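Open your viewer and keep the selection tool handy. We will take a short walk through this protein, one stop at a time.

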Amino acid sequence: LCLNFISIENLMELFPEFQDKEKDFPPAPLADRMRPRKLVDLLGQEKLIGEGKPLLKLITGKSNFSFILWGPPGTGKTTIARLVASISENEFHEISAVNAGVSEIRKVILQAKKTWNLSKRGSVLFIDEIHRLNKSQQDSVLPHVENGTIRLIGSTTENPSFEVIPALRSRCQVFRLEPLSKNDMRSLLERGLVDRECGLGDDLFEVDFDARDLIICYANGDARKALNLLEAARDFSFAGEKETRPVSVQDIKGIIQSTSV
């Protein structure tokens, strides 16, 4: 009966998890919106996730193995981790080693145990920049990886042979990701320009082919960097202009210079 006197606004304050999340945050950057939702859409890592390749078999099989993804920025490490959790229907927990401590790791472990007890679902713990965890933090993860409480996926831009403790490394496969090729980068930019749901397809702006090549060279195999620059080019083309025109090489040079400064 008391619920009759509680307004919808008060209910939303009591249960914030039911609020419209899209109203709480500004639109996500293009690089995040364009993150692949399927393994087949991931560019540049055919050696690992191509047909019959090792990582693909392990991801799509029933294995619950842990692994570390080693590679430069913008090559798909976070995307692969999220897709693994989705494919395996596991709970996904993501923490950054930059600001996470032992207490945050313990919270994830407790939640993973509750999830298993309630629904028999496993949990994936994704640690971004795992090389930044100190020895005690890595030690706190070790027993829970060993007993299967969590499935650990780590990402690092540094050689894990030097940055991850041997005991943890011995329980994880290490897969090396490569920078995206120029052809993959061209495909990525084309997706960003024509995708009307997640990309810039509704914005009706163009980028000269020479300007695209400059974006590709500047990004140097980093998908995130390329999409961020493409989004900046879109903003530039609409800023203070009565009529839009194709973005040129000189425009991209100006944006890159501003970014560098």
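The helices on this tour are DSSP runs of at least four residues in state H or I, numbered from the N terminus. Keep in mind as you go that this is a predicted model.

Colour the chain by pLDDT. The average is 86, and 87% of the residues score at least 70. Now select residues 1-14, where pLDDT stays under 50. For this stretch the model has five contacts beyond four places in sequence. Where pLDDT is low, the predicted coordinates should not be read in detail.

Next, select S1 (residues 66-70): four bridges join S1 to S4, and the two run parallel. Click on Phe67 and look across to S4, where its bridge partner is Ile153.

**Stop three: the largest pocket.** Select Ala31, Arg35, Pro36, Gly76 and Thr79, which lie nearest the pocket's centre among its 33 lining residues. The space inside is about 690 Å³. Which element gives the most to this lining? Select H13 (223-238): H13 gives the most, with four residues. Other elements giving two or more residues include H3 (30-33), H6 (77-87) and H11 (182-194).

Finally, colour the lining by residue type: 12 residues are nonpolar, nine polar and 12 charged.

How values were computed:
Residues are numbered from 1 along each chain as its sequence is written. This is a predicted model: local features need pLDDT of at least 70, side-chain atom pairs count only at pLDDT 80 or more; totals for chains, interfaces and linings use all residues. Side-chain values use heavy atoms; hydrogens and water are left out. On a 1 Å grid over the protein atoms alone, a cavity is a set of points where a 1.4 Å probe fits but cannot get out, and a pocket is an open set with protein on both sides within 12 Å along at least five of seven lines; lining residues have an atom within 4 Å of a point. Grid points are joined across faces, edges and corners, and a volume is the space filled by probe spheres set on the points. Ala, Val, Leu, Ile, Met, Phe, Trp, Tyr, Cys and Pro count as nonpolar, Asp, Glu, Lys and Arg as charged, and the others, Gly among them, as polar. Two strands pair if DSSP finds at least two bridges between them. pLDDT is the predictor's confidence in each residue, from 0 to 100. Contact means heavy atoms within 4.5 Å.
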